[in-house]
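Keep the structure open while you read.

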Amino acid sequence: MPSAALKTDPFGARDTFDTGSGKAGVYRLSKLEQLGLTSVCALPFSIRVLLESCLRNCDGYVVTEADVKNLANWGATRGVIVPGNEGVEIPFKPARVVLQDFTGVPCVVDLAAMRAAMHRLGGDPKKINPLVPVDLVIDHSVQVDYFGTEQALDLNIEMEFSRNRERYEFLRWGQLAFNNFRVVPPGAGIVHQVNLEYLAKCVFLRDDHAGKVALPDSLVGTDSHTTMIDGLGVVGWGVGGIEAEGVMLGQPIYMLMPEVVGMKLTGSLPAGATATDLVLTVTQLLRKQGVVNKFVEFFGDGVSTMSLADRATIGNMAPEYGATMGFFPVDAETLAFLRRTGRTAQEVELVERYTKEQGLFRTDAAPAPTFSSVVELDLSTVEPSLAGPKRPQDRIPLAAMKATWRRDVKEIYKKQPPNGAASPDPGFAGIAVQQSGKQFPVKHGDVVIAAITSCTNTSNPSVMIAAGLLAKKAAERGLTVPPHVKTSLAPGSRVVTDYFEKSGLQPYLDKLGFNTVGYGCTTCIGNSGPLPEAIAGAVQSNDLVVAGVLSGNRNFEGRINPHVKANYLASPPLVVAYALAGTTDVDLFHEPLGKGSAGEPVYLRDVWPTHAEVQAVIEENVLPEMFQKQYDNVWKKNEKWNALPVAKGELYQWDQSSTYIQEPPFLFELTREPGPIQPIQGARCLAALGDSVTTDHISPAGSIAKNSPAGKYLIANGVEPLDFNSYGARRGNDRVMTRGTFANIRIRNFLAPGTEGGVTRYLRDGEVMSIYDAAMKYKAEGVPLVVLAGAEYGTGSSRDWAAKGTFLLGIRAVIATSFERIHRSNLVGMGVLPLELPAGVTWQTLGLTGEEFFDFPDLGDNLKPRQVLNVVARRELAAAADGPAKAADCEPLCTNLTFPATVRIDTPVELDYYRNGGILQTVLRKLLRG
């Protein structure tokens, strides 16, 4: 459609209002109410923000008048999909995009690859350029190599720049090559804290056809915990990198109109309970409720009792409870937080005036909106808790931790705790370890990692100050941390260090070994660094089940550290407490943390700070000028970053010898027009998996084993194991990442029973080999592949390489009991077909083994969103004379099982992506056509 035909403001909603600093435009939601299209006050606040975006961007082409009317009429169905109503697709154009470096580097690599493809096809490479503001925060690359010393921070920074120099130079090129693209250098903090404390504005002033216009801040981010910003009243959620690239290039996010679950909060947190305990309770409750693909919006009098940092903690873990968002509308506490974090008076006034003008400001006096459903939680019922040992939704009351640990070690890890008598397993008595001139035992249940880490907690003053006060009281009583515990403190913001130092708490944390090791994700993303060699050796040689306790949001198998099988999420003060106790096999309510300097037992209750103590320290030591100082010119504060050389040119000069940055092959053979959708015939199963397979299982972010396909590739290319870095840091190189797909050390493939790790059975001859090697054999034979999976497939991080690697292995379809939201979307965005089995049906109940040949005869150009396809599984009955039957020879030897599965391509736009082979191909073809 030519631009002259595009409409501007077809509803006549544009008006002006007084910002306090002059007039600005506003697209009034009340205009839709005047037209009889909606009742604004009845809509959830999150829907109001989406509606404003549709109204403001309505041009009759990308966003149509029908889109606005559909969303305005949300109350008619409340987003609920029922038989006969498969949902309404709506577009959403976020105001900006946020990236972190693990997911951001491959995004920039893809943009560079799109420029290269555009150049090859005779187009203008400069068309590949962000059209909305994009901020990348480097926070995922620092590892805990050094700990427990004053020098740890500087040494880890040196290691970070040494390992990641090539990646960082590439990002420096991106800073110059692309418009609307900024990079926050390493060492500023974790992306979500930087976003919360600095990047987010709640309301922006932008230019449109008629001048300045105010609009709600909104975003998507390439990290699933982007939802932390929901606590500030900013609509935002995590997407895959390829979907984010579409938004950068001007494409809307297309989604089915969401259900909005209202979570009513009443009361207030009791003494001893923290925001971490609350979010673990919410996660457990909402996981049971089932909120995948839904918005959760918090309301009720209890919201007003919560600090904004506590709200952000709840929003942060929306991926863990399965929701797209966990949203808190703007209210008086939002404005107070903006002031506390150094935003200008003009910025705060703009937020207040605009949100009140638009009905986006929450008060207790106003009636609650209408929700799709409501869940209630009395905050006074929250109790101190942990979650684990391998899923964040598995909450454990602190009082039950010892008993739960003993159950876990017995049932999950097949270890039998002693019952009064000597244990046949010496791991319960302890294995003698010598380290730094000391000898001590290490046994099952010992805490070998105690990490104050992660975006969820490390910028919430209430839990960070509580950790500092507990450390102070413990140190003053003479308690020490046992030598087998690797301790670390990785603040989410440099402001934390400022208030720890001003309050005098940092020396006490240092005394217990909680020295600052870096400003980034560290342990929670898997960058815990190696355990001391003697401890790692004892664990591995004796199959010890040791534990990590971290203030994080993810504890999936194989994520935190390859030697640590049990990992528990906990508040920062509980992390310090478990470091002091040195074991999870302890009842902290009735057993001491240790002995004081006079030999007396010291209990958790003796050192736990009161709410009043914590608040007094916060009020005196957390100051607006700290935020202003730390974020002043944050883009250029890191001298190491500034000193890096910068390449120039609109096209990136790919280096074939690089082991960090390579041009991905997705666009090598791109044609100007897509071909027809083809059936899949004779596919073989590469992996048959169970429930709760995470994106960490599919595409790990942590360490690379030297005997793995990726490790062998790096060694063959001259990289020593010491310099492997992590999978997350290697995401700019498809050669590493394809080899690393399904390489998690804890993944279990039912095709290769009795094994653990990224292996499968090659079905042509039955040989057990790495998943990568088998996939390459199938690819050489021209055999398409499928994956069989259970419920919640793709839980976890918004990791586009979990879909990219799947595609590059030759997997054409994934058949699962159910999918998590982001990974399903990413599979479609890479041209991989997600198929969902009927309710109550699994691949096991169908009688499948994974040894079948799979055909998809209904797949073709007439494919429709959420269509039910018949899948044919052909079973081999007898071996051919020369070995297992080939697909073409299977008919006389096989019986067929036909079963239905729903195509989880949910919208017409997603179908367009699939038809084109993926999002990148779709966008590039559109740009080529102009």
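In what order do the five strands of the open sheet run? The order is 6-5-4-9-10, and the pairing is parallel. Strand 6 (181-184) and strand 10 (235-238) sit at the edges with a single partner strand each, so one side of each has no neighbour in the sheet. From one strand to the next, the twist averages 20 degrees. Bear in mind throughout that this is a predicted model.

Strand 4 (residues 96-100) and strand 5 (residues 134-137) run in the parallel sense and are joined over four bridges.

Strand 13 (residues 295-299) pairs with strand 14 in the parallel sense over three bridges, and valine 296 has glycine 326 in strand 14 as its bridge partner.

Next, have a look at helix 18 (residues 533-541), where Ile535, Ala536, Ala538 and Val539 are buried. These four cover an arc of only 160 degrees around the axis, which puts them on the same side of helix 18. Glu533, Gln540 and Ser541, on the other side of helix 18, are exposed.

What do the buried residues of helix 18 pack against? They pack against strand 18 (431-435), strand 19 (438-442) and strand 20 (447-452). Just after helix 18 comes aspartate 543, which takes a positive phi of about 50 degrees.

**Cysteines**

How many disulfides does the count come to? It comes to zero. A disulfide is a covalent bond between the sulfur atoms of two cysteines. The cut-off used here is a pair of cysteine sulfur atoms within 2.5 Å. For cysteine 107, the nearest cysteine sulfur is that of cysteine 521, 16 Å away. Cysteine 521, in turn, has the sulfur of cysteine 455 as its nearest, at 5.6 Å. Neither cysteine 107 nor cysteine 521 is in a disulfide.

| Residue | Relative accessibility | Class |
|---|---|---|
| Cysteine 107 | 0% | buried |
| Cysteine 521 | 7% | buried |
| Alanine 273 | 14% | buried |
| Glutamate 166 | 29% | partly exposed |

Why does alanine 273 count as buried? Its relative accessibility is 14%, and buried means under 20%.

**Links across the sequence**

Glutamate 166 is found in helix 5 (residues 152-177). Leaving out residues up to four places away in sequence, glutamate 166 touches Ser658, Thr659, Tyr660 and Ile661. Glutamate 166 and leucine 644 are 478 residues apart in sequence, yet their C-alpha atoms are 9.7 Å apart in space.

Alanine 273 is found in the loop between strand 12 and helix 8 (275-289). Although alanine 273 and histidine 611 are 338 residues apart along the chain, 9.2 Å separates their C-alpha atoms.

**The whole chain**

Now zoom out. The protein chain has 31 helices and 34 strands. Its C-alpha trace spans about 85 × 80 × 55 Å along the principal axes. For 930 residues, a compact globule would have a radius of gyration near 30 Å, and the 27 Å of the protein chain agrees with that. Buried residues make up 62% of the 930 residues.

How much of the contact total with a separation of 6 or more comes from residues 24 or more positions apart? Those residues account for 76% of such contacts in the protein chain.

Technical notes. Residues numbered from 1 in each chain as written. Predicted model: local features only at pLDDT ≥ 70, side-chain atom pairs only at ≥ 80, totals over all residues. Heavy atoms only, no water. Pairing = 2+ DSSP bridges. Helix = DSSP H or I, 4+ residues; strand = E, 2+ residues; numbered from the N terminus. Axes fitted to C-alpha atoms, helices over the stretch in contact; angles between N-to-C directions. Buried < 20%, exposed > 50% of the residue type's maximum accessible area, 1.4 Å probe, protein only. Arc of directions from axis to C-beta. Contact = heavy atoms within 4.5 Å. Rg over C-alpha atoms; globule rule 2.2 N^0.38 Å.
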